[in-house]
Amino acid sequence: MSSTLITRIGTLVTNDPALGDGPLGLIEDAALVLDGGTVAWAGRAADAPDADERHDAGGRAVIPGFVDSHSHLVFAGDRTAEFNARMSGRAYSAGGIRTTVAATRAATDEELEANLTHYLDEALRQGTTTFETKSGYGLTVADEARALRIAARHTEEVTYLGAHIVSPDFAEDPAAYVELVTGEMLDACAPHARWVDVFCEKGAFDGDQARAVLTAGMAKGLVPRVHANQLTYGPGVQLAVELDAASADHCTHLTQADVDALASGSTVATLLPGAEFSTRAEWPDARRLLDAGVTVALSTDCNPGSSFTSSVPFCIALAVRDMGMTPDEAVWSATAGGAAALRRTDIGRLSPGARADLAVLDAPSHVHLAYRPGVPLVREVWRRGTRAV
Ligand code: NIG
Ligand code: FE
């Protein structure tokens with residue numbers, strides 16, 4: 001692979017404070033050299049070394065590709081009617097997941113994969129270069145395992161979420177379902193996944209059940225992450241910190257003890273404002289978490305029920321407008337924050353040695369992602385040093 005010099009960059013977000021200004025390591029009038037799929041050099045355009053090829057960014061901003069560390073993209077069908085009813089006043093509940101479970105079970109492998117690639121392509125065009133995705137709409141041994149097999153063809157960040165809700169087939173005996181999720185289903189799923197997750201919530205799994213799911217997964221070598229404190233206050237966040245989960249996701253209803261727990265540990269708080277937008281729920285308080293010193297990630301939660309958006313720029317705009325984040329913080333959380341939530345150091349930054357995953361914006365700076373909400377600002381996407389969009 002030949003080396004490429006991307007020159008005449010307006011503002012370059014490196015996320016490396018050693019390279020530029022502030023936590024985003026901002027460089028004005030910048031250039032980047034990509035070589036062999038990684039970043040070889042970042043700095044002022046005037047100091048740039050030569051490369052085989054030259055690409056003119058025309059004064060536009062360049063940011064690391066978005067790291068969407070939370071999505072649910074292996075599913076079939078949609079939930080338009082449920083969304084419509086919600087926007088007429090009906091509340092969101094975990095029960096709607098059953099609709100997608102039925103459609104997903106009825107779909108062929110080809111249909112599920114076509115659906116997944118459709119939403120991945122949509123996300124890529126909006127600047128997402130790494131994404132995590134989960135099972136959780138199969139809820140049988142075979143359906144969960146196939147969801148993970150399909151996901152693993154498209155990303156290394158695959159999460160086993162057999163514990164999304166209690167399978168409708170076990171409505172009378174939730175304990176037996178937890179046994180399945182921690183036993184035979186886990187055995188079938190663990191080889192295809194990196195992470196184990198549980199929806200710890202009223203109407204899904206309580207603290208004890210969630211602990212059983214996560215510790216069983218950990219015993220099989222999976223690393224925990226938790227759907228925590230989305231719809232109500234509950235034990236999810238503190239359980240996540242106690243088990244040193246990579247991430248506690250949603251974090252919408254937090255007590256001071258929850259915030260203190262997050263601040264004391266290394267668990268990232270992943271905020272998913274698409275869910276609050278699409279369920280008309282109260283916003284998570286990003287400012288409170290940031291002021292407490294918690295590492296915050298920002299992701300889409302893309303799924304057909306609670307957050308049917310694949311757009312990280314949309315989530316950035318919401319986080320800035322409604323969650324108390326500055327534009328710089330929101331962009332950091334959607335790139336470096338997502339990488340931290342996936343315990344990755346090779347992505348989410350544009351400094352030497354990082355993966356050459358980046359977006360060129362149709363704007364002079366990254367601030368426009370919040371300043372110009374709803375405008376398709378992602379003009380080019382490069383993955384591993386090659387232009388993908
Ligand atoms: O993260 N909270 C649990 N799971 C999804 C919603 C899934 C659905 O409604 O289909 C979420 O919001
Ligand atoms: Fe989710």
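I began with helix H4 and found that nine of its 12 residues are buried, so that I noted the helix as mostly covered. I keep in mind throughout that this is a predicted model.

The buried residues I listed for H4 are Asp 143, Glu 144, Ala 145, Arg 146, Ala 147, Leu 148, Arg 149, Ile 150 and Ala 151. Looking up what these buried residues pack against, I found helix H2 (97–106), helix H3 (109–125) and helix H6 (184–189), together with strand S8 (133–134) and strand S9 (158–163). I then checked the length of H4, which runs over residues 141–152: at 1.5 Å a residue the helix should span 16 Å, and the 17 Å between its end C-alpha atoms agrees with that.

Next I turned to the unreviewed UniProt entry, whose "binding site" annotation covers His 70, His 72, His 227 and Asp 301. These residues span 232 residues in sequence, yet no two of their C-alpha atoms are more than 12.0 Å apart, so I recorded that they gather at one spot.

I looked up His 227 and found it in strand S12 (residues 226–228). His 227 counts as buried because it has 30 C-beta neighbours inside 10 Å. Leaving aside neighbours within four places in sequence, the contacts of His 227 include Asp 197, Cys 200, Glu 201, Asp 249 and His 250.

Asp 301 I found in the loop between strand S15 (296–298) and helix H12 (312–322). With 27 other C-beta atoms within 10 Å, Asp 301 is buried. Beyond four places in sequence, I noted that Asp 301 is in contact with His 70, Ser 71, Leu 272, Gly 274, Ala 275, Ser 306 and Ser 307.

Technical notes. Residues numbered from 1 in each chain as written. Chains lettered and ligands numbered in written order. Predicted model: local features only at pLDDT ≥ 70, side-chain atom pairs only at ≥ 80, totals over all residues. Helix = DSSP H or I, 4+ residues; strand = E, 2+ residues; numbered from the N terminus. Expected span 1.5 Å × (residues − 1). Buried ≥ 20, exposed ≤ 12 C-beta atoms within 10 Å, placed from the backbone. Contact = placed C-beta atoms within 7 Å. UniProt positions renumbered as here; feature names shortened; annotations may be inferred.
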